[in-house]
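Let's take a walk through this structure together, one part at a time. Have the sequence and the view ready, and follow along as each piece comes up.

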Amino acid sequence: MAKSVLVIGGGPAGLSAARTLGKLGIHTILIEKEQKLGGRPILEDYHTLIPRRMTPQQVIGPFIEEVQNLPTVDVKLETELESCEGEAPNFRVKLSNGEEHEVGAIVVATGFQHFDAKRKGELGYSIYPDVITNLELEQMFSRDGKLYRPSNGELPKRVAFVFCVGSRDRQLGVTNVHCCRYGCALSGLQGSEIREKYPEVDVFCYYMDVRTYGTWEYPFYWEPQEKYGVRYVRGRIAEITYNPQDGRLRVKHEDTIVQRPAEVPMDLVVLVLGMEPSEGTKKVAKILGLAQDPDSQFLVPSEESGSNIVSNRPGIFIAGACKGPIDIESSLAEGEAAGAEAATFIGAKVSA
Amino acid sequence: MAIHERSLVEPERILRKERLVIDGVDVSGDWNLIILPRTINDYDLSFYEEVVAQPEGKTIVNCYQCSYCTASCPVHNYWDERYNPRHFIYLARLGLIDELQKRADVMWRCVSCHKCTHRCPKGVLVEEVLKAILRVMAKRGLIEEYPSKKFDKFFMDVVYEYGRIEDGELLFGWIEKQGYKVVKDPVLKKPIPFMGGVPEWLKQLAVKPIKNLNIDFLLLNAKHMLFHPRTKNWNRFKQVLRKVMEEEGVFTH
């Protein structure tokens, strides 16, 4: 029986799967197509992670370090899966670096990509410099350490968050009808961060409904309003325009509580991006023959299993954002679960 | 130009000019009619800041628009749908002044049952918050002062004059302020009860003790109405009271 496990993807889920497998003493091959481990939060310099308000270095850093130091884990950067033949527990995989391996189980943790805001042309992204994405706002915090309007470098007087850009949207086709899960909470956090550092800046969140589910309700919905004075306005922004007379943007929407159209001036507009399956996820799904949601193309768990990390193919486990929007701490937990499942699948025993 | 569906447009949004020049082009005649858009162009956030700066207004930040308050509100349920505490809070937070003003005629109608405050799942002291909103509106001249305050003031005037509540004068003086013609005696210039215009409800009120032969009550009232008794030594006390009120800046006579 093959004693190796292949983990595809070096983000939070892949790292935690590889760490669990490695610590159990199982030979693990971790492949990552980028030059660096850590996934989106590390590669794209997120500033603060929900829900614990820690930095990506604090959360994912220890996983990277541990995986790199485990003798049982073989990290291969800039490497992708080329093909896979055979059935569990004897998969023969070929990698893009030319290597071939025989593995007993596979953990797929290929993650997501951000929605491309240019697809919503009416929101003016890439047309007006002061329309930015929430990812760019994170990078503004983490790389520049300050809030500013890209058009003139000044502090904005008003910031608007536009919820559900690339989420819950049939206009984009069937691919983006799901909820991104993190957007409401992250906006609450980003709004709070802005108000804490710049109390003179007014922050508006334009929402259809606020989905800070479970224990996120208080820290990411109540606290932004009650403690930091973030304002919530019900209505989806339908169009963003620019007024050359005052150099400010206008967010066009219907205030659905007042039931009147509105075009309100804003200095900085932040688009809250939805999540889509990454190119890697779609590619790996084809190679491995994994079931995908016909609409979103995210991976779907086995219909026979109640566990969401068990794929439709025996010996292949799926973890993290390749299955749909998910937060970092759940990704880490799913990676750990998938790693442990893969270990039991290849019959590994913990010796006393 | 005619508007065929005039009922869809509020009259204040229809602008008709005899002579109209736009960007140098004379459009008088057929094109002299303009419908102003319904669009909200901006928020007046200073309104909210003034509300939240008051002790009663603090909890406005807690509201998440669930409308538990409005669903519980007897004024909303039984009187006028435009009385909507939840909506007032939303409008005040964004400073949508024109929308608040549209409801100015109903906004004083709180009956202080406090169901809203008692039930609010977010701890908004709704009744207090609404008072804070009204105070800011009154301060800005967006709403008339609380109507019952007029009575409060008249009531205080009577107490100040006699050192006690003088029923006859309070009642008929107030009726006079409501626009009824009241007959006054030539000496004291005080209203003579029932000698002029009397509202129907008051007639009913007077008929009851007569029918019931409540002699003591009738005699007492008749005595007060004729002689306007004062509290003993009131004039001296009145001077002290006047001094205190002047010092505290509440004297309005």
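Chain B is built from 12 helices and 4 strands. What you are looking at is a predicted model, and the mean pLDDT of chain B is 87. Of the residues in chain B, 97% reach a pLDDT of 70 or more. For the model as a whole, the scores are ipTM 0.90 and pTM 0.84.

Now turn to the overall outline of chain B. Its C-alpha trace spans about 75 × 50 × 45 Å along the principal axes. How does the radius of gyration of chain B stand against that of a compact globule of 253 residues? The globule would have a value near 18 Å, but chain B has 26 Å. Buried residues account for 20% of the 253 residues in this chain. If you take the contacts in chain B with a separation of 6 or more, 54% of them are between residues 24 or more positions apart.

Domain 1 covers residues 6–35, domain 2 covers 45–139, and domain 3 covers 148–247.

Next, move over to chain A, which has 8 helices and 18 strands. The radius of gyration of chain A is 22 Å, close to the 20 Å that the globule rule gives for 352 residues, so chain A is as compact as a globular protein of that length. Its C-alpha trace spans about 70 × 35 × 35 Å along the principal axes. Buried residues make up 47% of the 352 residues here. Among the contacts in chain A between residues at least 6 apart in sequence, 67% join residues at least 24 apart.

Chain A is divided into two domains, and the sequence of one of them comes in two pieces. Domain 1 of chain A takes in 4–114 and 275–345, while domain 2 of chain A runs over 117–273. The C-alpha centres of these two domains lie 31 Å apart. Where they touch, domain 1 of chain A contributes 17 residues and domain 2 of chain A contributes 23 residues. On the domain 1 side of this contact you will find 6 nonpolar, 6 polar and 5 charged residues.

With both chains in view, where do they meet? The contact between them takes 15 residues from chain A and 15 residues from chain B. On the chain A side, helix H6 (217–226), strand S12 (231–234) and strand S15 (260–266) each supply at least two residues. Strand S15 of chain A gives the most to that side, with 6 residues. Sorted by class, the side of chain A that touches chain B has 7 nonpolar, 2 polar and 6 charged residues.

Finally, look inside. Which residues touch the most other members of the largest nonpolar core? Among its 133 residues, they are Val107(A), Val108(A) and Val162(A). Helix H7 (residues 126–139) of chain B gives the most to this core, with 8 residues. To see the surroundings of one of these valines, centre your view on Val162(A). Leaving aside residues up to four places away in sequence, Val162(A) touches Leu123(A), Tyr206(A), Ile237(A), Val269(A), Val270(A), Leu271(A) and Val272(A).

Technical notes:
Residues numbered from 1 in each chain as written. Chains lettered and ligands numbered in written order. Predicted model: local features only at pLDDT ≥ 70, side-chain atom pairs only at ≥ 80, totals over all residues. Contact = placed C-beta atoms within 7 Å. Nonpolar A, V, L, I, M, F, W, Y, C, P; charged D, E, K, R; others polar. Core = buried A, V, L, I, M, F, W, Y, C linked by C-beta atoms within 7 Å. Buried ≥ 20, exposed ≤ 12 C-beta atoms within 10 Å, placed from the backbone. Rg over C-alpha atoms; globule rule 2.2 N^0.38 Å. pLDDT = per-residue confidence, 0-100. Domains from an automatic or database assignment.
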